[in-house]
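Subject: Structure for your review

Hello,

I am passing on the structure below. My notes on salt bridges and on one helix pair follow it.

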Amino acid sequence: MQKTDSLSTKSPSMRNILMFAIPSLLGLFLFMTPVSFGDSVTIPIAVMASSVLDLLGNSATAVVTALVVLSAVVSVLVTLTKPAVIMRNGFLNGLFNVSPVWLITRVFGAAFIVMAFYGFGSPVIMGETTGAFVLNELLPTLLSVFIFAGLLLPLLTSFGLLELLGAIFTKVMRPLFGLPGRSAVDCAASWLGDGSVGILMTSKQYEQGFYTQREAAVVGTTFSAVSISFSLVVIAQVDLMHMFAWFYLTVCLAGIAAAIIVPRLPPLSWKKDALIDNSERETNDEVLPAGHNTLSYGLQCALTRAEKIRSVSSVLKEGVQNAVDMVLGVLPVVMAIGTAALMVAEYTDVFSILGAPFVPLLELLHIPDAVKASETMVIGFADMFIPAILAAEIDSEMTRFVIATVSVTQLIYISEVGALLLGSKIPVKLWELFVIFILRTLVTLPVIAGIAHLIF
């Protein structure tokens, strides 16, 4: 949000009003307006992504494979040769001149995707439930979402909409969740569209200095909610579509409980309240100046932001860089980490062993088939859909309901959301994501079980 001493006191010009209103309304329509598409409710940006996916057809996997390999090859060449043309360009340098950890991750991502695409090598890596699943089911969708979300995200972030909504929602978000009001927009975009959109928004807002390290970590791990459309897929998998209203109400209540409690616990509570450059945020940046209410102050902040837009080309450049950064920077991470996580889930007993301590808790909560249910409690860290697949074989409707709801509220699954967080600038580590995942499970499970006993 703009600082109070930088706000203009003169009457707003028609140019600034239109520069704020038109792109912001278009952004609201594209990212947050529910529309019916096929048999589901989604947002226009997701419809556009789906249309591109249909257009690419079977070639989508080839395109994704080429992009992941390109990212790895260029990153290796830049690391070895340090070409001046890339080193002098801030964007390209940040994209390809990566740390050794991310370089290795991109190389593994390229190796995994080539094996999965051509179908050679160990079935543990390129099998239908590991590498081939990530390649065929996940990456093409992410590619199409990243392209449109990246290109069009400046409509939400660059023309004043977040300044307006940030002022309005601060009185709710700050006392309840310890977050700026603008974080409500990230949540809405995720809820109505796709969690990856929320993570992209959060990362860009953090890079631009609007979130502190703690706020970015909290928003990315708490408010990048599962979309309505994917929730429908989960509840259908456990054959409880007729209970969708109860299911989604329970998801919302449990999610709010987790959003209030988990950020107040380590490791999120340990994050510094400093900006990306480690500078301190001004303490008065959310204080209303004299003579303003939240709406008038928000509008003034929004118009001040819109006034700074001097050319359409600068906004287009920002959108293109967003898209390229996500496609070449994040897709290889998703392929590498997602495949590795699914290999662990499919070919080891790690997640079953980790789930064993949940048996006493599930029995205490009087959940039928506690042993079978326990096997799904931690495996969702690998992929959110795996618990629903395993739950489909359980006879008890209550248990299936609990497993499906917990899997959605756990939120952090490494095959997509976790990999996206790790690949972004948001300051979170792998072990922290796992701890947050467990904390969310422990907080939401009693809430979900309580509601389940009221329903069944």
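Lys-204 is buried, because its relative accessibility is 9% and the cut-off for buried is under 20%. Please keep in mind that this is a predicted model.

The salt-bridge partner of Lys-204 is Asp-325, with 3.2 Å between the closest N and O atoms. Lys-204 sits in helix α12 (residues 195–207) and Asp-325 in helix α17 (residues 312–347), so this pair links distant parts of the chain, 121 residues apart. Asp-325 also counts as buried, at 16% relative accessibility.

The structure has seven salt bridges. Another of them joins Arg-305 and Glu-163, at 4.0 Å from N to O. Here the partners are 142 residues apart, Arg-305 in helix α16 (residues 294–307) and Glu-163 in helix α10 (residues 161–177). Arg-305 is buried at 16% relative accessible area, and Glu-163 is buried at 0%.

Lys-271 and Glu-432 form a salt bridge as well, their closest N and O atoms being 2.8 Å apart. Lys-271 is in the loop between α15 (244–261) and α16, and Glu-432 is in helix α24 (residues 430–455), so the bridge ties together parts 161 residues apart in sequence.

The crossing is right-handed. Among the contacting residues are Ala-373 and Met-377 in α20, and Ile-403 and Val-406 in α22. The contact comprises four nonpolar, three polar and no charged residues.

Regards

Key: Residues are numbered from 1 along each chain as its sequence is written. This is a predicted model: local features need pLDDT of at least 70, side-chain atom pairs count only at pLDDT 80 or more; totals for chains, interfaces and linings use all residues. Side-chain values use heavy atoms; hydrogens and water are left out. A crossing is left-handed if the near helix is turned anticlockwise from the far one by less than a right angle, and right-handed if clockwise. Helices (H or I, at least four residues) and strands (E, at least two) are DSSP runs, numbered from the N terminus. Contact means heavy atoms within 4.5 Å. Ala, Val, Leu, Ile, Met, Phe, Trp, Tyr, Cys and Pro count as nonpolar, Asp, Glu, Lys and Arg as charged, and the others, Gly among them, as polar. A salt bridge is a side-chain nitrogen of Lys or Arg within 4 Å of a carboxyl oxygen of Asp or Glu. Buried means under 20% relative accessible area, exposed over 50%, partly exposed in between (1.4 Å probe, protein chains only).
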